[in-house]
Amino acid sequence: MRKLSREALDIKRSEQSFDRKRKTVGLFGAPLVAMLVFFTPIDGITVEAHKLLAITILVSLWWITEPVPIPVTSLIGPVLAVMTGVVKEVDAFAAFANPMIFLFMGGFILAKAMMIHGLDKRFSYWLLSMSWVGSNPRRIFLAIGLAAALCSGWVSNTATAAMMLPICLGLLSAIKDMMAANGKDIDLSDYKYATGLMLMTAYASSIGGVLTPIGTPPNLIMLGFLDQMANIHISFFQWMLWGTIAMVVYFVIAYVVLIRLFPSDVDKIDGAEEFIAQRLKELGSWTRAQKNTLFCFLVAVILWVAPGVLSIVLGTTSPVLNMYNQLFPEAIAAMAGALLLFIIPVNFSERKFTIKWEEAKDGIEWGTLVLFGGGLAMGSMMYKTGLSAWIGDLLIRSLGGSISQITMVAVFSLLALLLSELTSHTASTNMLGPLAITAAISAGLSPVPVAVGIALASSLGFMLPVSTPPNAIVYATGYIPITKMIHTGIIIDVIGIACVTIPLVVYFVTWVVGV
């Protein structure tokens with residue numbers, strides 16, 4: 001990887017300086033604000049809700065400013081709630097055993113197995129080696145994006161970007177060598193196609209996350225809030241109905257914008273096909289571990305989508321469908337696929353199985369699970385103490401007493417996007433989720449569209465290197481001027497929110513769930 005340019009180094013130093021100030025302000029300022037709220041008389045809420053309001057403000061501000069790690073902040077909320085007498089211990093920590101956490105855990109283990117055994121790379125190189133791609137730079141651009149988007153629907157966006165980066169760097173090296181052979185020396189840090197390819201990798205890695213509930217944490221967080229606070233269950237199949245549309249349209253927008261802003265100045269990249277063919281050859285033939293992993297992954301996917309197929313074939317009131325949902329809910333499907341990895345052998349005589357626990361535990365993002373559990377715990381306590389209803393009524397009154405579904409979705413989707421550009425999209429979803437759901441309920445609206453809108457908008461953090469890990473990974477190459485990332489990100493964010501997120505959730509999602 002190239003050394004960072006002077007511009008990138010200066011930006012990195014300014015970001016570090018800003019982070020230090022932000023953390024310092026949050027460390028001392030958030031407790032002061034929370035104490036101020038605690039000692040300020042507030043009419044219309046119980047003592048427990050008042051205490052929880054102060055705790056919620058502290059947790060929210062620390063999620064934004066990050067003076068301590070975000071998962072630590074997620075544990076502070078339930079601990080303080082018990083210490084101040086808001087709820088009992090068992091109620092505060094019940095959310096950490098929510099089935100959604102095990103759905104996430106199963107997905108993490110399956111993704112780790114795919115990465116360990118190179119299934120993700122095999123898929124990516126297979127896609128890039130297809131005859132329609134060839135050596136055409138526009139098609140290579142498209143194929144790189146497709147590979148990243150489809151992988152990140154099942155594997156974390158960070159791992160996807162890290163996997164695709166060497167492939168992109170190899171292709172850019174082939175372009176540089178081809179130019180040099182023709183007597184033209186190019187600087188990749190100032191080469192439009194290199195900038196576009198890097199941005200395509202980052203953006204597609206984030207866009208693909210909207211495909212499935214396990215694609216990115218905000219999806220499951222909002223599904224968890226809907227289930228816990230509104231008693232509304234959204235199936236894996238239902239999510240994929242709108243997730244597929246969102247991913248495809250987001251991807252098309254990103255591709256069109258990037259290919260126009262950063263076009264290639266050549267019609268053919270000599271050496272590209274050979275580079276991909278060599279990488280595919282190095283993977284060798286399918287191993288037993290890869291076949292096992294693919295089988296376990298397909299088991300989970302089939303179990304996930306089967307309820308949707310059964311509802312179409314047998315009807316939504318079918319006893320068979322009801323029994324299936326009881327026996328194989330999404331979390332059980334994920335864990336079944338993941339646990340098979342520990343049981344199916346690679347070499348039984350040596351007692352070697354598809355994955356070891358030491359490997360699996362490294363693939364589980366424990367911090368994300370704690371953050372997820374903490375967010376659900378805060379949402380549950382807000383609901384039980386009546387704080388969420390009070391906040392929802394307050395928000396609706398501040399908006400004039402009545403609000404349309406489209407306005408509700410637009411306001412919270414924009415808030416989710418803005419917060420995700422500046423801080424963790426997981427933390428911002430945890431903050432906005434309970435507020436949006438209770439506001440929708442208070443307004444007499446279905447909370448499903450606004451919940452899905454927040455989840456989708458949280459994946460559109462394209463403006464800054466700090467917005468998402470994929471942005472940071474590709475920015476570190478030195479091939480992306482910060483002004484280009486901001487300019488491109490703004491364009492895609494605006495088009496994505498206005499033309500995809502809001503109309504999709506207001507009309508299509510509402511139609512799918514029948515509300």
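Mentor: The largest cavity holds about 30 Å³ of space. Keep in mind that this is a predicted model.
Trainee: How many cavities of 30 Å³ or more are there?
Mentor: The count comes to one.
Trainee: Which residues line the largest cavity?
Mentor: Its lining consists of Leu 128, Val 133, Gly 134, Ile 140, Leu 171, Ala 272 and Ile 276.
Trainee: And what is that lining by class?
Mentor: Six residues are nonpolar, one is polar and none is charged.
Trainee: Switching to helices. At what angle do α11 and α23 cross?
Mentor: Roughly 160°, with the axes coming within 10 Å of each other. Helix α11 covers residues 236–261, and helix α23 covers residues 482–513.
Trainee: Roughly parallel or roughly antiparallel, then?
Mentor: Roughly antiparallel, because angles over 145 degrees are put in that class.
Trainee: Which hand is the crossing?
Mentor: α11 passes α23 in a right-handed crossing. Their contact has 20 nonpolar and five polar residues, and no charged ones.
Trainee: Last one, α2. What span should its 19 residues have?
Mentor: 27 Å, at 1.5 Å a residue. The end C-alpha atoms of α2, which runs over residues 47–65, are 27 Å apart, so the model agrees with that expectation.
Trainee: What comes just after α2?
Mentor: Glu 66, which takes a positive phi of about 55°.

Conventions:
Residues are numbered from 1 along each chain as its sequence is written. This is a predicted model: local features need pLDDT of at least 70, side-chain atom pairs count only at pLDDT 80 or more; totals for chains, interfaces and linings use all residues. Side-chain values use heavy atoms; hydrogens and water are left out. Axes are lines fitted to C-alpha atoms, for helices over the stretch in contact, and angles run from 0 to 180 degrees between N-to-C directions. Helices (H or I, at least four residues) and strands (E, at least two) are DSSP runs, numbered from the N terminus. Angles under 35 degrees count as roughly parallel, over 145 as roughly antiparallel, 65 to 115 as roughly perpendicular and the rest as oblique. A crossing is left-handed if the near helix is turned anticlockwise from the far one by less than a right angle, and right-handed if clockwise. Ala, Val, Leu, Ile, Met, Phe, Trp, Tyr, Cys and Pro count as nonpolar, Asp, Glu, Lys and Arg as charged, and the others, Gly among them, as polar. The expected span of a helix is 1.5 Å times one less than its number of residues. On a 1 Å grid over the protein atoms alone, a cavity is a set of points where a 1.4 Å probe fits but cannot get out, and a pocket is an open set with protein on both sides within 12 Å along at least five of seven lines; lining residues have an atom within 4 Å of a point. Grid points are joined across faces, edges and corners, and a volume is the space filled by probe spheres set on the points.
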